Amino acid sequence: MKPPKGASLRIALPKGRMSEESIAYLHSRKLSSFSEFPSNRKLIFNDPEKNIEYVLVRSKDVATYVEHGSCDFGIIGYDLLVEGQYDVFIPAELPFGKCSLCTAYSEQHKDWQSKKNIRVATKYPKLASKYFFDQGFNFQIIELYGSIEIAPLTGIADVIVDLVSTGQTLQENNLVQGPKIMESSARLILNPGSYFLKRDLVQSFLNKLSIE
Amino acid sequence: MHSEFRKTRSPYGFPFLDPRATENLYAMIEKIKKLLIDENYRGVIPGTLDFPETFQEYETFDAFHSRDSHGEDLYLRSDATAQIIKGFANFLEHSHEKINEYKYFYVLPVFRDARKSYPRLREIYQVGAENIGMDSDMAMPELVYLADKMMKQTIGKETRFIIGDVRVLHYISEYSSSIKIKDMILNRDVPSLSKEFGELGWDLSMVNQMWSVMLYAPELLEWKERWNFIKSKLNNKLHQAFMNEIERLSAPVQKIHADIEKKGVNISWEPLLVRNVEYYTGFIFEGYVEGLSVAPLRGGSYDNLVGKYSRRDMTACGFALDMSSLILL
């Protein structure tokens with residue numbers, strides 16, 4: 001199958017640390033001409049040499065851009081992918097972005113497991129609900145969008161569910177890490193339509209990543 | 001503001017009172033109808049409501065339903081194929097005519113979820129063709145050729161088809177017995193599938209390569225070469241037998257793929273293709289068009305569906321084209 005004439009690939013990357021790790025990794029696989037993004041406020045970067053355009057978006061939006069076909073590929077944490085249940089293909093796991101989705105609590109709420117009803121603050125309502133339901137807890141999910149660590153300290157929740165990579169943020173906020181819910185790392189995602197319509201370009205990209 | 005909006009709009013469906021979109025839709029349908037009538041397909045119109053067991057359930061299945069005066073629960077149809085085949089089976093039971101082959105088409109809306117991450121009921125206007133009684137191996141090349149012609153004539157753009165065989169999925173599902181396997185294959189999730197098979201004792205690096213070749217397959221010759229290479233690196237005889245069985249199950253669809261390609265259709269073979277609807281029994285195909293990220297055309301063979309509703313078993317195959325997405329182009 002031949003791709004449409006003049007077709008190129010567009011890749012959605014999450015703003016922040018993962019975009020830096022992603023571009024460095026793609027550069028190491030000879031898929032990007034540059035190893036880091038220029039430090040300006042631009043959100044779209046073109047790599048004419050490799051015929052690839054990069055789009056920097058919020059991490060939660062990466063899969064949406066790919067699912068709707070606005071971007072062909074995307075790089076996203078596995079945690080967000082499972083939480084969002086997107087209609088995208090997942091050709092590979094990438095060797096960065098490793099972390100765990102864990103429960104955490106403050107010393108004053110250390111008996112949370114024995115409570116009849118618990119309040120759980122999280123950015124991951126679906127994954128947290130599934131976990132606490134499977135564990136047999138009566139629970140209430142409090143959905144927050146950031147600074148989850150302060151939820152037990154301000155009394156809004158008994159326990160939190162959040163990503164932990166080194167555990168330093170938890171320590172600095174006097175929280176104790178509880179049971180682990182899942183492990184996560186970066187995943188390459190692909191729009192199904194792009195796979196079938198730009199087959200040669202996509203195959204060549206995957207080959208260079210040594211995924212095949 | 002909100003009440004004003006409610007007075008002038010309808011949720012879920014086609015933008016009614018959009019004469020230009022309606023004209024486009026009618027024009028496309030007229031072209032398709034002519035093509036299907038020329039190919040001896042006869043038009044039928046099943047009811048919008050039907051008993052729930054006719055359809056496969058989906059997340060928003062109970063968004064709208066009603067009860068008739070007999071106390072029967074009726075739901076909006078999520079699919080037309082099951083209804084048409086059910087109607088055909090009824091016709092077959094009560095007809096004195098000896099029917100061996102029949103071709104039907106329909107133009108109607110179906111109601112189902114738009115997508116997994118956005119489970120909202122949507123009205124999807126579709127055109128479909130059902131071919132009953134003809135052997136799938138014989139009917140499939142003609143059917144895909146017709147589907148291709150229909151898409152090209154309607155939108156005047158290049159099309160790309162893919163074809164696979166759902167029996168490969170059935171075999172893998174039996175082998176793995178994990179309830180998550182179908183979702184993983186739907187997402188072509190190589191890391192999760194490799195992990196799943198790693199837990200069954202497969203060599204992790206080889207199984208990762210196997211899934212990559214299965215789900216992101218290169219052209220047939222290269223595929224065979226790489227498949228055989230992976231097989232030769234496996235020490236476990238049972239794992240080699242698994243790969244041999246996949247190869248055996250893939251042979252018929254590879255032949256059909258070659259037959260369709262000879263007809264000038266831009267088509268590629270997919271070792272593993274999955275469909276959400278359960279009634280498919282053999283070959284399945286999808287048609288893509290530039291500008292749409294999901295396939296507007298899907299079809300395949302469902303050889304057990306007539307037997308589900310009648311005492312006579314008959315093979316059947318067909319496809320449906322989502323007109324609602326085509327008018328967006």
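Analyst: A salt bridge here is a side-chain nitrogen of Lys or Arg within 4 Å of a carboxyl oxygen of Asp or Glu. This is a predicted model. By that cut-off Lys33(B) and Glu30(B) form a salt bridge, with the closest N and O atoms 3.8 Å apart.

User: Where do Lys33(B) and Glu30(B) lie?
Analyst: Both are in helix 2 (residues 19–38) of chain B, three residues apart, about one turn of the helix. Lys33(B) is partly exposed at 28% relative accessible area, and Glu30(B) is partly exposed at 46%.

User: How many salt bridges over all chains?
Analyst: The search of the whole structure finds 28. One of the pairs is Arg187(A) with Glu93(A), at 3.7 Å between the closest N and O atoms. That pair links distant parts of the chain, strand 11 and strand 5 of chain A, 94 residues apart.

User: Is Arg187(A) buried or exposed?
Analyst: Arg187(A) is buried, with a relative accessible area of 7%. Glu93(A) counts as partly exposed at 42%.

User: Switching to the interface. How many residues of chain A are in contact with chain B?
Analyst: 32 residues of chain A contact 32 of chain B. The buried area is about 2,600 Å², and carbon and sulfur atoms give 50% of that.

User: And which side chains meet in a salt bridge there?
Analyst: The count between chain A and chain B is one: Arg199(A) with Glu270(B), 2.6 Å from N to O. By class, the side of chain A that touches chain B has 17 nonpolar, eight polar and seven charged residues.

Definitions and conventions:
Residues are numbered from 1 along each chain as its sequence is written. Chains are lettered from A and ligands numbered from 1 in the order in which they are written. This is a predicted model: local features need pLDDT of at least 70, side-chain atom pairs count only at pLDDT 80 or more; totals for chains, interfaces and linings use all residues. Side-chain values use heavy atoms; hydrogens and water are left out. Contact means heavy atoms within 4.5 Å. Buried area is the accessible area (1.4 Å probe) that two parts lose on being put together, summed over both. Ala, Val, Leu, Ile, Met, Phe, Trp, Tyr, Cys and Pro count as nonpolar, Asp, Glu, Lys and Arg as charged, and the others, Gly among them, as polar. Helices (H or I, at least four residues) and strands (E, at least two) are DSSP runs, numbered from the N terminus. Buried means under 20% relative accessible area, exposed over 50%, partly exposed in between (1.4 Å probe, protein chains only).
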